[in-house]
Amino acid sequence: RIQILFEVLTKMSTHLQTGLPSTSHTDVFAASLSFNRSPNPKKIVNIECFIHFLKGNIGSGLLGIPYAMKLVGIAIGPPILFTVASLCLLSSYFLVKCGTHLRKKYNLPPLGYSEVVEYSFKERFGDKRWPRISVDTLLVLSQYGACTVYVIFISQNIKTVVDNHFPRYIVSIKVYIVILLVFLFLITSIWSLKRLAIVSMIGNLFVITGLTSILVYLFSHIPHKSVEGILVQDYTQIPNFISIAVYAFEAIGLVLPLENQMKTPESFPYILAGGIYTTLAIQIVFGLFGYICFTDATQAIITFNLPQGALSVVAQLGISATIFLTYPLVFYVPISILMPIMKDKLKSIHSYDIEFAMRLLFLVVTVALATSIPHIELFIQLIGASGGIILALIYPSVCHLIVFDLSVGQKILTISILFVGVVACGVGTVYAVITMVKTLS
């Protein structure tokens, strides 16, 4: 497995050096798969596909589900989560269906997300670049937001551990964010994709340890009291709940590259359904037990609630280490999208200098945002409501309507998903902005 990953990362590095952008993916594995366009690429079996998809969906968003349950209650939360999961499943299926059709029609190699959108719009509007540019823009902005979430996440967890064990040294979270800037600069200075792959594998060990520790703590601290008071909370918080839920289903960029790399692509719809509903089950477990355990004291990320104790420290530091080691991989995606554009615009400047400046600017901007607005739930809600819903629901539905001559029933279903996506995006973004303004004021 390590050798295969190194091979696809090497291919990706070669393509990057020739100026080809990474177009559509939310992590390095997805990006590397999209660049593996050799005539006989190494294929993955069903269980590998399932594991990669599941891994892509389990991130910082999962740890925010208990807070989302706090917003609406445990009677409303799970049904909405199920609805969001089902909509994401259908939209992902639309995306795969469009990608397969367009690839065969135009005799193309495996397509990424932005390429599917570009060729779908070409069917109706001719050869236009704005659909692809809009998708890449959303991906870059979403990754900027995700990196800001990571900075706040790591800083707050470290602050919680230090405050619990060294109460004499309590300082603002902004101090931890500024200190973290130094370490992030060092780890993002690793440009070698092979070395980043090793860093990512180390991070996988930490996430297993951290999540297991959290579950052990939650299961052993469930209060023996009625849940009647937490069944239903605030209906007006449903838009914010949906935004967090969409953010938690964060593997839309993995759908196409995984399907392209399967030995048996005809099995992918079943893998997709299994992966999404397994993710849903994990989210419901984390959400219900996390909220029941801490009730009204539930914070934006469940690790912030963990008290003193060895198990809590292992969970907090384990998850923080995972996010820290994942940061340069998430960091890589917008850089790989923007680099070809900047190289074309700044031909007189050496590409090394351009990339170094972009990396430094990107890092400083994300840290500055985290320092200015150190509220992780605000970024999660805004990212999920805006870019998350557009990428997960709106664009796949639009492409499905454009590419295929659908039956009446299929049109009703697709338009319904599109309508839900547009409404959820509009209302969720407004709610997220209002919440941010209220919190900051």
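Okay, some housekeeping. Because the model is predicted, local features need pLDDT of at least 70 and side-chain atom pairs count only at pLDDT 80 or more, while totals for chains, interfaces and linings use all residues. Residues are numbered from 1 along each chain as its sequence is written, and side-chain values use heavy atoms, with hydrogens and water left out.

Let's start with helix 8, residues 173–187. When I say helix, I mean a DSSP run of H or I with at least four residues, numbered from the N terminus. Helix 8 has 15 residues, and from its first C-alpha to its last it reaches 21 Å, close to the expected 21 Å. That expected span is 1.5 Å times one less than the number of residues. Helix 8 also bends, by about 25 degrees, at Leu181. The bend is the angle between two axes, one fitted to the seven residues ending there and one to the seven starting there.

Which residues of helix 8 are buried? They are Ile173, Tyr176, Ile177, Leu180, Leu184 and Ile187. Buried means under 20% relative accessible area, exposed means over 50%, and partly exposed is in between, using a 1.4 Å probe and protein chains only. Here's a handy bit of background: an α-helix has 3.6 residues a turn, so residues three or four places apart point the same way.

Helix 8 has the largest share, with 6 residues. Val171 is partly exposed, at 34% relative accessible area.

On to charges. Side chains of opposite charge can pair when their charged atoms come close. For a salt bridge, a side-chain nitrogen of Lys or Arg has to be within 4 Å of a carboxyl oxygen of Asp or Glu. By that rule, the count is 5 salt bridges.

One of them joins Lys105 and Glu123, with the closest N and O atoms 2.8 Å apart. That pair links distant parts of the chain: Lys105 sits in helix 5 (residues 77–106) and Glu123 in helix 6 (residues 113–125), 18 residues apart. Lys105 is partly exposed at 47%, and Glu123 is partly exposed at 25%.

Next, Glu118 and Arg132 meet at 3.0 Å, N to O. This pair also links distant parts of the chain, helix 6 for Glu118 and helix 7 for Arg132, 14 residues apart. Are Glu118 and Arg132 buried or exposed? Both are buried. They also belong to a network of salt bridges with Glu115.

Then there's Lys159 with Asp163, 2.9 Å from N to O. These two are 4 residues apart in helix 7, so about one helical turn separates them. Lys159 counts as buried at 14%, and Asp163 does too, at 18%.

While we're in helix 7, look at Gly145, which is buried at 10% relative accessibility. Gly145 and Ala370 are 225 residues apart in sequence, but their C-alphas are 9.5 Å apart in space.

How many disulfides does a search of the whole structure find? It finds 0. A disulfide here is a pair of cysteine sulfur atoms within 2.5 Å. Take Cys399: the closest cysteine sulfur, in Cys98, is 5.5 Å away, so that's too far for a bond. Cys399 is buried at 0%, and Cys49 is buried at 0% as well.

Last stop, the loops. Asn107, between helix 5 and helix 6, has a positive phi of about 55 degrees although it is not a glycine. Asn107 is exposed, at 71%. Thr295, in the loop between helix 12 (268–294) and helix 13 (310–345), has a positive phi of about 45 degrees, and it is not a glycine either.

That's my tour, thanks!
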